[in-house]
Amino acid sequence: MVRNVADFFPDLQTEDFYLLSGLEHGMRFSEWVATEKLTEFARLDDEEVEYRLDRCEDRGLVERKTIQYLGFRLTFEGYDALALRTFAERDTIEGFGAPLGVGKESDVYEVRSYKPLALKFHREGYTNFREVRRERDYTSDNRHISWFYTARKAAEREYEALETVYPDVRVPRPIDQNRHGIVMEKLSGVELSKAKLDPDQAVGVLDLILDELAKAYAAGYVHADMSEYNVFVDTDGVTVFDWPQGVPTDHENADEFLERDLSNLVGYFRRKHPNRIGDPDVGDVAQALRDDAFATVRDHR
């Protein structure tokens, strides 16, 4: 997706971004924006709108549909282009690199700045918008919500969580956020699901992760989506990432989410290292984390 945008990004002109911004504005009110509305939203005359629509459609930044009227909307590539322009204008990023990870709900790429960084674009809602709208509470109070709104709110929530817990918790250092994009520290290490731990390391690594969750709770946040896919293991410790579903500790379901996080982690380690972890009491571990009294999972078997 965004790799294609980066290739022709330098060729985009100011008026192209006027059009893309106009569509972004119009999609707050309707999924498909009527052509005649774009002169108002983009502040371009009719002839310029037609020219810019053709340019942007050729590059996959917009798409059209004839319903009761001829309508246009941004593609995610168009939304990517708007975010990239903002990051470039802020001097947050200077160039674009290779993909670091492409998943169902986000794409992560290396970007160039004063040092290599990571750019994460949220994709929530692009292919499964109805499901996301039903399950994610940050869309529950809105009648018309574009999938851009869903992705942007996910990025805002994740960035807020990172800013709140960093540097007390080992998370990627947050650097900038715009629309559905977050620029952050590039992680080193190996995803826990792919790490080849010595069995003697199992309890120690689990303790490190639980200690980070305890620090996050003390800082005011519960991750709420913990699994072996959201932890990087390195020689100097662990890093917990992917925080878009994080909730403040005063959230009505925070305790439930915390215990679910712990159940997921303990369950993973029990499956991978059944003779090392034992059968810790997850509720007891959760209480120790809330009380800032956690030392080791061994104390809760």
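Q: What percentage of the 301 residues in this protein do the buried residues make up?
A: Buried residues make up 52% of them. To be counted there, a residue must have a relative accessible area under 20%. Please keep in mind that the model is predicted.

Q: What else describes the protein as a whole?
A: The protein has 11 helices and 13 strands, and its C-alpha trace spans about 70 × 40 × 30 Å along the principal axes. Among contacts with a separation of 6 or more, 61% are between residues 24 or more positions apart.

Q: Why are helices H3 and H4 called roughly perpendicular to each other?
A: H3 (residues 35–42) and H4 (residues 46–58) pack at an angle of about 100 degrees. Angles of 65 to 115 degrees count as roughly perpendicular, so H3 and H4 get that label. Their axes are 9 Å apart.

Q: What makes Arg-43 stand out in its backbone?
A: Arg-43 has a positive phi of about 60 degrees, although it is not a glycine. Most residues other than glycine have a negative phi. You will find Arg-43 in the loop between H3 and H4.

Q: Why is Arg-43 called exposed?
A: Its relative accessible area is 76%. The label exposed needs a value over 50%, so Arg-43 is exposed.

Q: Where does Arg-179 lie, and is it buried or exposed?
A: Arg-179 sits in the loop between S7 and strand S8 (181–185). Its relative accessible area is 15%, and under 20% means buried, so Arg-179 is buried. Arg-179 also has a positive phi, of about 50 degrees, although it is not a glycine.

Q: How do you know that the peptide bond from Tyr-166 to Pro-167 is cis?
A: Look at the omega angle of that bond, which is near 5 degrees. Most peptide bonds are trans. Pro-167 belongs to the loop between H7 and strand S7 (174–178).

Q: How many aromatic pairs does a search of the whole structure find?
A: The search finds 10.

Q: Why is the pair of Phe-76 and Trp-147 called tilted?
A: The ring centres are 5.5 Å apart, and rings pair if their centres lie within 6.5 Å. The planes stand at 40 degrees; stacked needs under 30 and edge-to-face over 60, so this pair is tilted. Phe-76 is in helix H5 and Trp-147 in helix H7 (residues 147–165), 71 residues apart, and the pair thus links distant parts of the chain. Both Phe-76 and Trp-147 are buried.

Q: What makes Tyr-79 and Phe-148 an aromatic pair?
A: The distance from centre to centre is 4.4 Å, against a limit of 6.5 Å for pairing. With 40 degrees between the planes, this pair is tilted. Here again distant parts of the chain are linked: Tyr-79 lies in helix H5 and Phe-148 in helix H7, 69 residues apart.

Q: Why do Tyr-79 and Phe-148 count as buried?
A: The relative accessible area is 2% for Tyr-79 and 4% for Phe-148. The cut-off for buried is under 20%, so Tyr-79 is buried, and so is Phe-148. Ring pairs link Phe-76, Tyr-79, Trp-147 and Phe-148 into a cluster.

Q: How do you know that the charged end of Arg-123 sits over the ring of Phe-76?
A: The charged end is 4.9 Å from the ring centre. The distance limit is 6 Å, and the charge must also be within 35 degrees of the ring normal. Arg-123 is listed as sitting over the ring of Phe-76.

Q: Why is Thr-14 called partly exposed?
A: Thr-14, in helix H2 (residues 14–26), has a relative accessibility of 36%. Buried is under 20% and exposed over 50%, so Thr-14 counts as partly exposed. Thr-14 and Phe-148 are 134 residues apart in sequence and 22 Å apart in space, C-alpha to C-alpha.

Q: Which residues is Glu-94 in contact with, leaving aside its neighbours within four places in sequence?
A: They are Arg-112 and Ser-113. Contact requires heavy atoms within 4.5 Å.

How values were computed
Residues numbered from 1 in each chain as written. Predicted model: local features only at pLDDT ≥ 70, side-chain atom pairs only at ≥ 80, totals over all residues. Heavy atoms only, no water. Axes fitted to C-alpha atoms, helices over the stretch in contact; angles between N-to-C directions. Helix = DSSP H or I, 4+ residues; strand = E, 2+ residues; numbered from the N terminus. Parallel < 35°, antiparallel > 145°, perpendicular 65-115°, else oblique. Phe/Tyr/Trp six-rings, centres within 6.5 Å; stacked < 30°, edge-to-face > 60°. Buried < 20%, exposed > 50% of the residue type's maximum accessible area, 1.4 Å probe, protein only.
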